[in-house]
Amino acid sequence: IGVCDKNGAKIFEGDIVSYRGEHAVIVYDEETARFCLSFDTWSTDFDHLYGKDVEVIGNAYDNPELREGES
């Protein structure tokens, strides 16, 4: 998506990232034509949150358990 996390790892659609103890999936929002972080109860885009604030911890395809039981 053109953004790297705090460790310099490239962020891709479908990645699961950690931000302040919460996990989010990177999704593409067709309405706004931008990539967003989708948390359980809220979402944001990279205009409001920088890649250096998040850490890639897996992806939704290989690590679906990382989405279970999140706050």
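Modeller: Quick ground rule: buried means under 20% relative accessible area, exposed over 50%, and partly exposed in between, with a 1.4 Å probe and protein chains only. This is a predicted model, where local features need pLDDT of at least 70, side-chain atom pairs count only at pLDDT 80 or more, and totals for chains, interfaces and linings use all residues. Residues are numbered from 1 along each chain as its sequence is written, and side-chain values use heavy atoms, without hydrogens and water.

Colleague: Why does Phe-35 count as partly exposed?

Modeller: Its relative accessibility is 25%, which falls between the 20% and 50% limits, so the label follows. Tyr-28, at 37%, is partly exposed too.

Colleague: What makes Tyr-28 and Phe-35 an aromatic pair?

Modeller: Rings of Phe, Tyr and Trp (its six-membered ring) pair if their centres lie within 6.5 Å; planes under 30 degrees apart are stacked, over 60 edge-to-face, the rest tilted. Here the centres are 5.0 Å apart and the planes at 65°, hence edge-to-face.

Colleague: And why is the pair of Phe-39 and Trp-42 called stacked?

Modeller: Their planes are at 5°, under the 30 degree limit, and the centres are 4.1 Å apart, so stacked it is. Phe-39 is buried at 3%, while Trp-42 is partly exposed at 33%.
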